[in-house]
Amino acid sequence: MSSPLAPSGSGPITDPAPLALCAREPHVPADRLVAEMVPPPRFDSVRFSTYIPDPNQPSQTEAVRVLEGFAAGLGAAAGGSGKRRLFGFGKAPKKAPAGPRGVYLDGGYGVGKTHLLASLWHATPAEPGLKAFGTFVELTNLVGALGFQQTVRTLSGHRLLCIDEFELDDPGDTVLVSTLLGKLVDAGVALAATSNTLPGKLGEGRFAAADFLREIQGLSAHFRALRIDGEDYRHRGLPEAPPPYSDEEVTGVAHATEGASLDAFSPLLEHLARVHPSRYGALTDGIRAVCLTGVRPVPDQSTALRLVVLADRLYDREVPVLASGLPFDQLFSDEMLNGGYRKKYFRAISRLTALARDAAKLANHR
């Protein structure tokens with residue numbers, strides 16, 4: 001019996017049917033959360049040498065120079081022997097390492113902060129098991145899974161903790177993590193972080209860095225704040241985001257692409273409300289492309305913030321997104337884009353646009 005044709009005569013539909021994110025309810029054990037605290041797949045191969053500074057933004061070149069020195073200093077502080085000789089563990093060096101014990105990268109979305117943070121993780125001379133990398137949300141999820149004291153014990157043996165997208169939108173979580181960081185600094189763990197502020201409330205630029213340092217009470221002396229200026233690199237010299245496809249085209253690509261998922265947008269948003277954000281990475285396990293039909297503006301801020309987390313996980317994993325309905329720059333209302341979380345929403349638009357460009361290859365190659 002012949003295979004059925006995809007809509008509009010696009011070719012045979014393969015078996016089995018596409019996967020559905022809405023059908024997945026992953027369980028993520030705590031040990032997986034710890035093991036996955038490494039740079040995501042998109043940043044597996046990044047290094048300082050692969051970061052391309054904007055020649056019009058000298059702060060980007062300066063950030064590379066400072067971070068390379070910071071990584072080298074961590075190697076010197078380790079003392080060259082023993083599992084832990086950094087900042088008080090094991091036999092300490094005769095002379096304390098010079099310079100700050102933490103760095104904080106402050107800048108807008110798309111200037112390469114995560115690239116630089118991952119490059120620092122890769123450049124730090126320590127075994128992967130002695131370095132941890134995760135977003136602020138993933139760190140708070142780890143505390144929720146392990147408990148505060150166990151998280152302190154687990155991370156205290158590390159040489160470096162990198163925190164991407166440090167959040168200032170939940171005072172409770174911020175105080176929790178500031179207390180955790182205080183314990184880790186006391187244990188000799190070096191810290192590095194990037195900002196994700198509330199510009200509508202806190203203002204832009206260095207004021208955001210100052211607010212971050214106030215929130216992590218008692219730790220400001222350990223951080224050097226680096227301002228990274230520039231425009232979103234994903235828009236430098238790149239074409240505009242491709243227009244949305246038709247429902248039939250999206251469905252056809254989903255059926256013709258091995259490992260693709262196919263979901264209607266509104267039911268997917270409802271499903272995300274039933275899955276903890278710490279599981280969004282696991283939700284996309286094995287997915288090679290996400291196909292969405294009927295994209296429309298998100299109805300409220302809680303839904304929008306969940307979508308931001310999903311967009312981050314898809315971007316980290318380099319999963320292309322093919323969609324019908326409205327273009328991604330119309331996902332969030334003007335009120336949202338002018339409100340306290342606007343930087344998150346602009347980052348999500350930027351990342352989804354990049355993934356939509358990647359997905360265009362799937363549609364063109366059918």
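At 22% relative accessibility, R32 counts as partly exposed (that label covers the range between buried, under 20% relative accessible area, and exposed, over 50%, using a 1.4 Å probe and protein chains only). This is a predicted model, in which local features need pLDDT of at least 70 and side-chain atom pairs count only at pLDDT 80 or more, while totals for chains, interfaces and linings use all residues. Residues are numbered from 1 along each chain as its sequence is written, and side-chain values use heavy atoms, with hydrogens and water left out.

One is E36, whose side chain meets that of R32 in a salt bridge with 2.5 Å from N to O (a salt bridge being a side-chain nitrogen of Lys or Arg within 4 Å of a carboxyl oxygen of Asp or Glu). E36 is partly exposed, with a relative accessible area of 39%. The other is D285, which forms a salt bridge with R32 with the closest N and O atoms 3.0 Å apart. This pair links distant parts of the chain, since R32 sits in helix α1 (residues 30-35) and D285 in the loop between α11 (280-283) and β7 (289-295), 253 residues apart. Helices here are DSSP runs of H or I with at least four residues, strands are runs of E with at least two, and both are numbered from the N terminus. D285 is also partly exposed, at 32% relative accessibility.

Salt bridges turn up elsewhere too, and the count comes to 13. In one of them E138 pairs with R313, the closest N and O atoms being 3.9 Å apart. E138 belongs to helix α4 (residues 136-146) and R313 to helix α12 (residues 301-316), so the bridge ties together parts that are 175 residues apart in sequence.

Next comes the packing of α12. Two packed helices are described by the angle between their axes and the distance between the axes. For α12 and helix α14 (residues 342-364), the angle is about 45° and the axes are 9 Å apart; axes are lines fitted to C-alpha atoms, for helices over the stretch in contact, with angles running from 0 to 180 degrees between N-to-C directions. The two helices are therefore oblique to each other (under 35 degrees would be roughly parallel, over 145 roughly antiparallel, 65 to 115 roughly perpendicular, and the rest is oblique). α12 passes α14 in a left-handed crossing, meaning that the near helix is turned anticlockwise from the far one by less than a right angle, with clockwise being right-handed.

On the α12 side, the residues that meet α14 include A304, L305, V308 and D312; on the α14 side they include Y345, R347, A348 and R351. Contact means heavy atoms within 4.5 Å. The residues of this contact divide into 11 nonpolar, one polar and five charged (Ala, Val, Leu, Ile, Met, Phe, Trp, Tyr, Cys and Pro count as nonpolar, Asp, Glu, Lys and Arg as charged, and the others, Gly among them, as polar).

Y345 of helix α14 is worth a look of its own. Y345 counts as buried, at 0% relative accessibility. Leaving aside neighbours within four places in sequence, Y345 is in contact with Q301, A304, L305, V308, F332, M336 and L337. Y345 and L305 are 40 residues apart in sequence and 8.0 Å apart in space, C-alpha to C-alpha.

Among the other helices, α3 (residues 113-123) has nine of its 11 residues buried, so α3 is largely enclosed by the rest of the structure. The buried ones include H115, L117 and W121. In α4, the buried residues are F136, L139, T140, N141, L142 and V143, and just after α4, G147 takes a positive phi of about 90°. E318 has a positive phi of about 55° although it is not a glycine. E318 is found in the loop between α12 and β8 (321-325) and is partly exposed, at 43% relative accessibility.

As for the whole chain, the secondary structure comes to 14 helices and eight strands. Of the 366 residues, 50% count as buried. Among contacts between residues at least 6 apart in sequence, 84% join residues at least 24 apart.
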